Amino acid sequence: MASTPASFVVLKFGGTSVSTAANWRKIREVLKARLAEGVQTVVIHSALSGITDRLEALLALGSDQSIEPALAAIEERHERLSRELGMALPAGVSRHLADLGQIAAGVALVNEVSDRIRARVMATGELMATELGAAWLATEGFEVEWVDARTVLVAEDRPGASEGASILSATCPFAPDAALKARFSKAGRIYLSQGFIASDSGGHTVLLGRGGSDTSGAYFAAKLEALRLEIWTDVPGMFSANPKSVPSARLLKQLHYDEAQEIASSGAKVLHPRCILPVKQYGIPLYVYATQNPAFEGTHITASPAGGDAAQVKAIAIKKGITLVSMESPGMWHQVGFLADVFQIFKQHGLSVDLVSTSETNVTVSLDPAANNLDSVALAALAASLAGLCRTQMIGPCAALSLVGRNIRGILHDLGEAFALFEDQRIYLVSQAANDLNFTFVIDEAQGDRLVSQLHELLIRAALNDVVLGPTWEQLHAPARPEPTPPWWRERRAELLARFAERDAAYVYDTATVRAACRDLTGLKSVSHVHYAMKANPHGALLRAIAAEGIGFDCVARGEIEHLLREVPGLDRGRILFTPNFAPRAEYRWAFEQGFKVTLDNLHPLKEWPVLFAGQSVFVRIDTGRGHGHHAHVRTAGAHTKFGVPLFEVEELERLAAVAGARIVGLHAHTGSGNFSIDNWIEVADVLAGVAARFPEVTVLDLGGGLGVPDKPSRLPVDVEALDAALAAFRVRAPKFQLWLEPGRYLVAAAGVLLARVTQLKGKGAVQYVGVATGMNSLIRPALYGAHHEIVNLTRLGEPLSVTCEVVGPICESADVLGHARQLPVTREGDVLLIATAGAYGHSMSSRYNLREPAEELLF
């Protein structure tokens, strides 16, 4: 009876993964699981972390330098890991160390390194590491066969490739290999081999290029027609941006091969771009996992990922160190063969072109330092060769910033706000990929990281319930946080219904919840003062509760201040900050006469009413240039918002303040609402501190508010402890400043609910409508901002959620929708729906539109 063909799984482990005993114990458990799965298990792994660099340094030693310390450091690194694993240094490692010493001595003697010698030396790292790994796995009871990758992978000839490239950046054929399958067919045995190395047709060692271990794994997987290739690394998958610079980068749960290749080619370091082709060609799924956290879901790369061909930006990638070569010649217009002549010169200089942009008289191309030698000598030689064809300008250092995803052309109309971020940038080149997988801008390198963060915040971080975008890097690595406590209204359902009685609509506020939110912020050690943005909710009882907790008030109009002083008699005026926007001159005069702190929002008052500001101490609101928040209408910084003095006007601000005799003692910024990333406030603090360098009397940086309030039960609130720690770290860098916060929603949103009685039910085909007695006249946030509020049937709380419906109000507007596609139990006329987190910008923004009275306000 014929035996069943073996099923292979190839696992590639990177250098960090195989460099500690703790990681090897994780690897042991992974291998046990694969063997229990009943698959033939093939392991490919890299040199120990840092060893490849040490080998490079060894080769760079001059003839007058001793090689012994370098060799001793390499040996000690392997001996240390062996000790941690509880075993002596394997004999195979010692043998490779001896060979390395002999080669290094020869190199030192002649003071010359050929490409073949370099390949032999660099291969030693993988050979030693795999000898060590195989030996330890054997001590753990595994049956292990150590395999020299040079007997499996044989480089192919590449016509036109230089000898150096053939030796140091070789490629190998990867067609299915029946002989290799037979060789690796022993059930229960682990076959362990090296990444990065191969041989040529003469049996000499060649390399697959830095990062080539991923490619080795893909070659083995293709030759074995594996069930899957698993890449085990130090990060739990591919992310929507580099997590080191964008902590809110999100895990990409599923990708198409082409998308993964594009992200890898655009600067991501998790995968080597060359590893995609072999698995794609044979339809082998590729999984990226974290060795330290094997339970994380990782990234799955296949030909049919979730989300299909839906148009979507999935990653913001950046490549730095780019050099642009701008070639200009009026003679190129309609000249046959001009580009051929130009690119022939690039070929002669061994330079690989990445992006190309053409016009009638100019061709500009980009050169990637990862693929080219871009030192000044090489670029000067290129310019000299091109001089006979065109005028040449070298531009750099630049960064290539790419929006990566599928069908980008199909969503260009949705990217206008993202493109607006480039308004103040010098854009040297724009490229839209022929395969519709990326849209790339080449800009000054210094602006790259900031733009990546801004674009990510706008296009990716805010996306909810996405089948591709998973948790953020911060969420995956944050210490466990307790589950949020149930909202107050769940525990007080019966009281709410009794208090609501026969009413049709009412806001209900819980003062205990307000007080608890106040204490969250007054407990921050890094923050000197907190001011409540009372426009969020000016209800008198809430103002008194907030004042009793020691919090001040931010007011934006004279009417707010007068209302506040009526509701909180005896309030110290020093706790009031007046921050008007486009207010008339009379309000400023009144505020100064009353002794309130005044915030200047633009230059017009200083320029046109200088006498009013003579001798006054003022705050100034600065537009940091970047807005945050879940919707354009709640982002309050940037060129397309009306708030604040832009950074390019700060010099004029300094001059006008001096002319008027005004003292600038505080700087303020508020970039928007609904922020959950603490990076926002640190960024604001850094910008304001930079501006404060011009104003020596500034002692206060008011970082604004915008602390996000969870709009769904599954979302955790802002981590105020982490915010406190981050702000404390900032204060260490800038100890002269007090830090103030100015929250609105954070203090009152969760404390308020809107109760509304069901009036009518309606069906339109598959769409079901539940109508309630009030709508956008009471709560305009869903219509105005696209805001999400949890909606429950309070009458039937706890019953199965069996109906998907639109929750709508009685206002004669199509936008009068309080919630789209909400899950409710079977609902009846007369039931009471509860709309949560409605304590902020609810009643305060209500109206009598359609001459319908808004919901009244009740207090618990």
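Which residue of strand 15 is the bridge partner of serine 326? The partner is glutamine 393. This report, on a predicted model, starts from the chain as a whole and returns to that pair with its sheet.

## The chain as a whole

The chain has 860 residues, of which 52% are buried. Its secondary structure comprises 28 helices and 35 strands. Along the principal axes, the C-alpha atoms occupy a box of roughly 90 × 75 × 60 Å.

Contacts between residues at least 6 apart in sequence can be sorted by separation: 75% of them link residues at least 24 apart.

Six strands form an open sheet in the order 13-14-12-15-17-16, and their pairing is antiparallel. The edge positions belong to strand 13 (353-358) and strand 16 (427-432); each has a single partner strand, so one side of each has no neighbour in the sheet. From one strand to the next, the twist averages 30 degrees.

Within this order, strand 12 (residues 312-328) pairs with strand 15 (residues 391-406) in the antiparallel sense, over 14 bridges. Helix 14 (residues 448-461) lies across strand 12, strand 15 and strand 17, and runs at about 145 degrees to strand 12.

Strand 15 also contains proline 397. The peptide bond joining glycine 396 to proline 397 is cis, with omega about 0 degrees.

## Packing of helices 3 and 4

Two packed helices are described by the angle between their axes and the distance between the axes. For helix 3 (residues 68-84) and helix 4 (residues 91-110), the angle is about 170 degrees and the axes are 11 Å apart. Helix 3 is therefore roughly antiparallel to helix 4, since angles over 145 degrees are classed that way.

Helix 3 contributes Leu71, Ile74, Glu75 and His78 to the contact, while helix 4 contributes Val93, Leu97, Leu100 and Gly101. By class, the residues of this contact are five nonpolar, two polar and one charged.

## Helix 20 and its surroundings

Which residues of helix 20 (residues 558-567) are buried? They are Glu560, Ile561 and Leu564. Viewed down the axis of helix 20, these buried residues lie within an arc of 100 degrees, so they line one face of the helix. An α-helix has 3.6 residues a turn, so residues three or four places apart point the same way.

The elements against which the buried residues of helix 20 pack are helix 19 (540-548), strand 21 (552-555), strand 22 (576-578) and helix 21 (585-594).

Strand 22 holds leucine 577. With 0% relative accessibility, leucine 577 counts as buried, because the cut-off for buried is under 20%. Apart from neighbours within four places in sequence, leucine 577 contacts His531, Phe553, Asp554, Cys555, Lys597, Thr599, Phe619, Asp702 and Glu742. Between leucine 577 and alanine 728, which are 151 residues apart along the chain, the C-alpha separation is 24 Å.

## Two residues with positive phi

Most residues other than glycine have a negative phi, and most peptide bonds are trans. Phenylalanine 582 is not a glycine, yet its phi is positive, at about 55 degrees. Phenylalanine 582 sits in the loop between strand 22 and helix 21. Its relative accessibility is 57%, and it counts as exposed.

Alanine 821 also has a positive phi without being a glycine, at about 50 degrees. Alanine 821 is placed in strand 33 (residues 817-824). Its relative accessible area is 46%, which makes it partly exposed.

## Threonine 472

Is threonine 472 buried or exposed? Its relative accessible area is 9%, so threonine 472 is buried. Threonine 472 belongs to strand 18 (residues 469-472). Setting aside neighbours within four places in sequence, the residues in contact with threonine 472 are Phe239, Pro247, Ser248, Ala249 and Arg250.

Definitions and conventions: Residues are numbered from 1 along each chain as its sequence is written. This is a predicted model: local features need pLDDT of at least 70, side-chain atom pairs count only at pLDDT 80 or more; totals for chains, interfaces and linings use all residues. Side-chain values use heavy atoms; hydrogens and water are left out. Axes are lines fitted to C-alpha atoms, for helices over the stretch in contact, and angles run from 0 to 180 degrees between N-to-C directions. Helices (H or I, at least four residues) and strands (E, at least two) are DSSP runs, numbered from the N terminus. Angles under 35 degrees count as roughly parallel, over 145 as roughly antiparallel, 65 to 115 as roughly perpendicular and the rest as oblique. Contact means heavy atoms within 4.5 Å. Ala, Val, Leu, Ile, Met, Phe, Trp, Tyr, Cys and Pro count as nonpolar, Asp, Glu, Lys and Arg as charged, and the others, Gly among them, as polar. Buried means under 20% relative accessible area, exposed over 50%, partly exposed in between (1.4 Å probe, protein chains only). The arc is that of the directions from the helix axis to the C-beta atoms. Two strands pair if DSSP finds at least two bridges between them.
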